[in-house]
Amino acid sequence: MNNLTAEAWEEKYQSNGDRWNLGYAAPPFVSLLTSANAPNPGKMAVLGCGKGHDALMFAESGFEIVGFDFAPSAIVEATATAKARAISAQFLQRDIFTLNQEFSDRFDYVLEHTCFCAIAPSWRSQYVAVVKSLLRPGGKLIALFYTHNRPDGPPFGVKPQEVLDYFAADFEPILFQKAKNSILRRQGNEHLAIFELKPQP
């Protein structure tokens with residue numbers, strides 16, 4: 001079963017237990033958008049968007065953003081920040097494992113950052129299925145995977161090869177490399193990825 005409920009995630013925000021919240025967009029994503037591998041703007045789903053820092057940066061770069069998070073207060077804050085900064089982005093309170101019922105084949109991109117590591121490892125295959133269901137043909141997952149090896153969680157660890165194995169059946173790796181400019185406490189433990197959805201039979 002999934003390891004945390006919406007109420008549990010909300011409690012983390014209310015008690016300032018959201019250590020994954022950097023307060024700004026992840027530096028590897030900032031670098032990606034100014035690199036030769038920068039994706040062209042399109043419609044993007046942001047899974048586990050939190051307070052929206054990554055999502056809003058992509059929105060400012062021309063992406064049409066819909067962010068999803070379990071915690072209501074995170075959605076409220078992300079929405080308020082978007083309004084205050086006059087950025088067009090939508091944020092919705094949802095269980096990501098039900099998104100295929102409402103948003104199947106809607107997006108050119110899915111953005112991942114600290115959502116994959118937050119769910120129980122037994123749900124990782126379902127996570128891949130959700131990403132696949134949200135993407136249009138040829139769509140891409142853009143991800144910053146937290147590839148640490150500490151026991152327990154969340155955040156739950158994962159080996160780089162395990163990430164590739166989870167996505168191998170449905171996605172082609174376009175980019176998969178150790179992030180060069182992670183924040184200090186995650187240096188050496190993040191992989192930046194772009195995976196393209198394979199043509200479906």
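Which residue of β2 is the bridge partner of Leu47? The bridge partner of Leu47 in β2 is Phe68.

## Basis of the model

The model is predicted: local features need pLDDT of at least 70, side-chain atom pairs count only at pLDDT 80 or more, and totals for chains, interfaces and linings use all residues. Residues are numbered from 1 along each chain as its sequence is written, and side-chain values use heavy atoms, with hydrogens and water left out.

## The sheet

Seven strands form an open sheet with mixed pairing, in the order β3-β2-β1-β4-β5-β7-β6. Its edge strands, β3 and β6, each pair on one side only. On average, neighbouring strands are turned by 15° against each other, direction ignored. Strands and helices here are DSSP runs numbered from the N terminus (strands E, at least two residues; helices H or I, at least four), and two strands pair if DSSP finds at least two bridges between them. Strands of a sheet pair through backbone hydrogen bonds, either parallel or antiparallel.

Buried means under 20% relative accessible area, exposed over 50%, and partly exposed in between (1.4 Å probe, protein chains only).

Strand β1 (residues 43-47) runs parallel to β2 and is joined to β2 by 5 bridges. Besides the pair Leu47 and Phe68, Val46 has Gly67 as its bridge partner in β2. Between β1 and β2 the chain passes through helix α3 (residues 53-60) in a right-handed β-α-β crossover. Right-handed means that, with the strands pointing away from the viewer, the path from the first strand over the helix to the second runs clockwise.

Strand β3 (residues 90-93) is also parallel to β2, with 4 bridges between them. Gly67 stands opposite Phe91 in β3. The chain goes from β2 to β3 through helix α4 (residues 72-84), and this β-α-β crossover is right-handed.

## Helices around the sheet

In α3, 6 of the 8 residues are buried, so this helix is largely enclosed by the rest of the structure. The buried residues are Asp54, Ala55, Leu56, Met57, Phe58 and Ala59. They pack against α2 (27-32), β1, β2, α4, β3 and β4, where contact means heavy atoms within 4.5 Å. Just after α3, Gly62 takes a positive phi of about 100°.

Helix α7 (160-167) lies across β5, β6 and β7, and runs at about 165° to β6. Such angles run from 0 to 180 degrees between N-to-C directions, with axes fitted to C-alpha atoms, for helices over the stretch in contact. Helix α6 (residues 124-134) has buried residues that include Tyr127, Val128 and Leu134. Among the elements that cover the buried residues of α6 are β1, β4, β5 and α7.

## His191 in strand β7

His191 is found in strand β7 and is buried, with a relative accessible area of 9%. Its side chain makes a polar contact with the side chain of Thr147 at 3.0 Å. A polar contact is a pair of N or O atoms within 3.5 Å; within protein, one must be able to donate a hydrogen and the other to accept it, and residues adjacent in sequence count only if both atoms are side-chain atoms. Leaving aside neighbours within four places in sequence, the contacts of His191 include Leu144, Phe145, Pro160 and Phe176.
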